[in-house]
Amino acid sequence: MSDVLQLSDVTLRRGTKTILDGVSWSVRDGERWVVLGPNGAGKTTVLQMAAGRLFPSEGTVHILGERLGAVDTWELRTRIGLASAALADRIPGGEAVLDVVLTASYGVTGRWRESYDEYDLSRARDLLAAFAVDHLADRKFGSLSEGERKRVQIARALMTDPELLLLDEPAAGLDLGGREELMAALAELAGDSRSPVIVLVTHHVEEIPPGFGHALLMRGGKVEAAGPLEEVLTPQHLSRTFGLDLEVERHRGRWSARAAGR
């Protein structure tokens, strides 16, 4: 397998603040990764760098075989699917759900003067159906529930048939039912050999869908641990990552963590 994403000794500074500090991490073809850590750990920053939207102050980033800073990032981004709160905020509330997915073909938010053929329309509808929101195709994006919006965003992220899919806290803000519906959809996606490499950012081990096999733990802009889930999601690693003595359990492919002795 080849590396789809490689960060080598990456540091990112903003003024006097160091946001990422010597981060090295590799993601290989066919893998499904989860990035875990507390607020301010650098998770979203790493994801934005993986999406070609941030550049390191030091170190190198290779994405899909291209070195960041030595490639046309506009073309590179067409090979990457991204779903994030920041992107969702740019989607007009009055946009029809079908158009929210379609416009990913042009890398825009908001239908303007683009033209789409029958293949585009069929693919957008199929993706909405895959996430059980095809019945919402004519609804306005702003009228959807949070769970419905999340699933539409992931359908949008897959519209260009990306080689790398990046999901930034897809379960954030969902109630229990919405979270479990999303977990089931992501588990199905992860289990499909035709799916792209997937990297998912979350705060909670309970939000790791079945089918994900690797984890990157971050704290204070540094890597705490990285590798197969069984080796990384240990009480020792997670306790250091979150600064709290934790107990960790796995049941039927799902993980949970709680404060030790409670």
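Modeller: Let's begin with a definition: rings of Phe, Tyr and Trp, the last by its six-membered ring, form a pair if their centres lie within 6.5 Å. By that test this predicted model holds one aromatic pair.

Colleague: What makes Trp-25 and Trp-33 an edge-to-face pair?

Modeller: Their centres are 5.5 Å apart and their planes make 75 degrees.

Colleague: Where does Trp-25 sit, and what is its bridge partner?

Modeller: Trp-25 is in E2, and its bridge partner is Leu-7.

Colleague: How do you know that strand E1 and strand E2 pair?

Modeller: Two strands pair if DSSP finds at least two bridges between them. E1 (residues 3–14) and E2 (residues 17–28) share eight bridges, in the antiparallel sense, so they pass. Two residues lie between the strands of this hairpin, where Gly-15 has a positive phi near 65 degrees.

Colleague: Why is Asp-9 called exposed?

Modeller: Exposed means over 50% relative accessible area. Asp-9 comes to 51%, so it counts as exposed. Arg-252 is another residue with a positive phi, about 55 degrees, although it is not a glycine. You'll find Arg-252 in the loop between strand E11 (246–251) and strand E12 (254–259), and at 78% it counts as exposed.

Colleague: And the sheet: what makes strand E6 and strand E10 its edges?

Modeller: The sheet is open, with six strands in the order E6-E7-E8-E3-E9-E10 and mixed pairing. E6 (80–83) and E10 (222–228) each have a single partner strand, so one side of each is left without a neighbour in the sheet. From one strand to the next, the twist averages 15 degrees.

Colleague: How do you know that strand E3 and strand E8 pair?

Modeller: Five bridges join E3 (residues 32–36) and E8 (residues 197–202), in the parallel sense. Pairing needs at least two bridges, so five will do. In this pair, Leu-36 stands opposite Thr-202 in E8.

Colleague: What does helix H1 touch on the sheet?

Modeller: H1 (residues 43–50) touches E3, E6, E7, E8 and E9, and its direction makes about 155 degrees with that of E7.

Colleague: Why is Thr-234 called buried?

Modeller: Buried means under 20% relative accessible area, and Thr-234 has 17%, so it qualifies. Thr-234 lies in the loop between helix H8 (229–232) and helix H9 (235–242). Its side chain reaches the backbone nitrogen of His-237 at 3.1 Å, which is within the 3.5 Å set for a polar contact. As for H9, that helix lies across E3, E9 and E10, at about 35 degrees to E9.

Colleague: One last thing: how do you know that the charged end of Arg-149 sits over the ring of Phe-141?

Modeller: The charged end is 5.5 Å from the ring's centre, and the cut-off is 6 Å, together with a limit of 35 degrees from the ring normal. Arg-149 is accordingly listed as sitting over the ring of Phe-141.

Notes: Residues numbered from 1 in each chain as written. Predicted model: local features only at pLDDT ≥ 70, side-chain atom pairs only at ≥ 80, totals over all residues. Heavy atoms only, no water. Helix = DSSP H or I, 4+ residues; strand = E, 2+ residues; numbered from the N terminus. Buried < 20%, exposed > 50% of the residue type's maximum accessible area, 1.4 Å probe, protein only. Polar contact = N/O pair within 3.5 Å; in protein donor to acceptor, adjacent residues only side chain to side chain. Phe/Tyr/Trp six-rings, centres within 6.5 Å; stacked < 30°, edge-to-face > 60°. Axes fitted to C-alpha atoms, helices over the stretch in contact; angles between N-to-C directions. Contact = heavy atoms within 4.5 Å.
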